[in-house]
Every structure is written in C-alpha cells, then in structure tokens.
Amino acid sequence: MRVVIIGPAYPLRGGLATYNERLARAFRAAGDEVRIVTFSLQYPNFLFPGQTQFSTEPGPPDLDIEVSLNSVNPLSWWAVGRRLRRERPDLVVFRFWLPFMGPSLGTVARLARGNRRTRVVAITDNVIPHEKRPGDGPLTRYFLSACDGFVTMSRAVLADLQRLGFGRKPALYRPHPLYDNFGAPKPKAAALAALGLPADVGYLLFFGFIRAYKGLDILLEAWADPRLEALPVKLIIAGEFYEDAVPYEALVNKYQLESRMVRATDFIPNEQVANYFCAADMVVQPYKHATQSGVSQVAYHFGRPMLVTDVGGLAELIPDGVVGYVVPPTPGALADALVDFYANKREEAFAAGVRQEARKFSWDVMVGALKEVAGL
C-alpha cells in the first residue's frame, strides 16, 4: 500500500514531528511504502512563541520526507493537493491539531481525494483547541468535512467529533502509542551523571513546552508545601517557555523555590530525552485541561511512574494507584500525592505497574486503526 503522511516532520522539531516520523516507520514495518509531506513553513513567526521551529539535529536518513507545504500560501496547498491527486496513493494520513491548519490541510485533502481512489483520514489530536480563538469552528469543520475517517487518541476527542456533527463518519479511539524512539531506558545513576546532577537527592520531572494549560503554576504552588520542602528532592523543569515566563518566575521568588529546582528551559534535543526521564523518580503532568499527552507515552517507554491531573483524556492512560496518581488539578492534591509517593516509597511498585501497562500501546494498533477507518 502507498501511504502519505501530511504533518510536521524534520526539519521541524517537537513532539508532532517525532510522532509522525515514528508512525512512518510503523507503516514501513507493516510492508507499506510511505512518504511524509512536511511544512516548509508551519507557523508565521508572529504566531510562534518559541525560539525556533527547526531542528539543529541531523535528519532521519531512513525516511522519505518532502518539505513542500506552506501553511499560509494557497499556491502551495494546491500544488501539493494536485500532485497527490495525480500520484493516487492508497491512503493519505493527516495530522490535525490546530484550527489554523484547517484551510491548508482541508484544501490538500479535498484535492487529493478528487481522484476517487485515495482515502483520506486524520489523526485528530484536538478538534476543540486548548486555547480558543475566533474562527476556530469554521476552520476545523472545513478540514474535518474533507476526511473519510478519524482516529483519536482520547475518548474525549472522539466525543468532541460527535458533538461537532461528524459522528456518522468512521472513527476509532486508540491510545497514543509509546514514544520508543528516544533510545533505550538507562540506569538512573547513568542518567544523572549525564545531566551532571548529584545522586544524593531525588528528582521529579515536569517535561515539555511550557504553556498555560499545562499547569506549571499549579505545580510550583504545590512545590511550596512545607511537607515537600523537608524532602531531599528537587523539581526538574525541562522544556522551553512558549509564553511569558514572568508569572512563573514570580512564583519561584514568592516561595523561594530556586534552590529546590533544576532548570533546563531550552528546547530538549532528542538525544537528551532519555536522560531526563530516566533521572526522574516520577513524571508530573499538572495539566489544567488536556486531551492526551505524548509525555505520558515517553514516561511509559522509560518505565517512569506518573502523576497526572484528572482532566481530558489523561486519566484514561494512567490507572490510579497502579502506575501513579490521578488527582484534581489543585496544589493541595498534587502536594498530597507527592508526599505519599516519597513517604510510602512507591517508586518501585509504580514502575512495575508502568512496565506491565506499557504493553498495551503498540504502533501496529495505530496503523491498523488508520487503515480500518479508511476502509482499506
């Protein structure tokens, strides 16, 4: 089968690019011929809050990646769409995560399926965005109406599709597969040494781009709890600010947290991901709202316990009391769970639960679901 994936990939960086590249390898392992079409321009600079959209690492030599889609240039949309219509691939898989992408991806999808052979499906991370803007609804509907089917990675997004009126199209929920492409798990001592961190204290990890909905402010409020201050534990913040850092710095200063933190607030390159996760006693995701999170699937791969908040689809993947904690998104609830984790020495038991639970999250399952909703 000939498959084209349309979405972020190298030379772009970040979780979406990493996911799409891993998905391409999964299709290839299933015997399919696969190419990725990525963006020559993903976001205009005025819409991009980070330092750079582009990777400084070498590209993946084993993948066929075409850099040709410009999110704000209709001539590019038509060129990509018409080429796909001529090439007649069996399946085009779009990655949809933001209404801003609706016009470009929706136009390419309509043109591609115009050959009456190509099936068009989407992995929909979100259909109702975390940060709402005027026009979100029409832009999202323009894209969704061009698709033959959908795979969601949380039941909440599957329900959102139905609420938006797309319940009659084939759609399946399949959990986010494991992010197993950041290297093998390593001993904690080796990870700490690689990061230059002393091994005589424990570490909690907040990982990923820092945005308001991810709740770092809640975690900093929790971290000020006197019970946690007494523990020999530091909080690692590993991820680039995608918004103003001033409110977070104010909390650090207010509660005098600096000496109990490790800052790594630049973009974390792929070769360092294993070190941060394997150095951590537990990964903390104090989100205020969410659909699903790739961070959980990285933690599963590295066998790390997790603390997540009971929002969106996060709790679907984290059995409370088996692989970690599911708590309300409040400082008090987070602090209580963190105290329990260390007071009752739960790391080994939760890590064993993580290893058992991780067996459910296969890339083969995701590939099969995409073909199923496409009717192939």
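Rings of Phe, Tyr and Trp (its six-membered ring) pair if their centres lie within 6.5 Å, and planes under 30 degrees apart count as stacked, over 60 as edge-to-face and the rest as tilted. The model is predicted, with local features needing pLDDT of at least 70 and side-chain atom pairs counting only at pLDDT 80 or more, whereas totals for chains, interfaces and linings use all residues. Residues are numbered from 1 along each chain as its sequence is written, and side-chain values use heavy atoms, with hydrogens and water left out.

By the pairing rule there are 18 aromatic pairs, and Tyr19, Tyr179, Phe182 and Trp363 form one aromatic cluster.

Two of the pairs are set out below.

| Pair | Class | Centre to centre | Between the planes |
|---|---|---|---|
| Phe39 and Trp97 | edge-to-face | 6.4 Å | 80° |
| Phe207 and Phe277 | tilted | 4.9 Å | 55° |

Phe39 belongs to strand β2 (residues 33-41) and Trp97 to the loop between β4 (91-96) and α3 (102-112), so their pair ties together parts that are 58 residues apart in sequence; helices (H or I, at least four residues) and strands (E, at least two) are DSSP runs, numbered from the N terminus. Phe39 is buried, at 1% relative accessibility, and Trp97 is buried as well, at 10%, where buried means under 20% relative accessible area, exposed over 50% and partly exposed in between (1.4 Å probe, protein chains only).

In the other pair, Phe207 lies in strand β8 (residues 202-207) and Phe277 in helix α10 (residues 270-279), 70 residues apart. Phe207 counts as buried at 14% relative accessibility, and Phe277 counts as buried at 0%.
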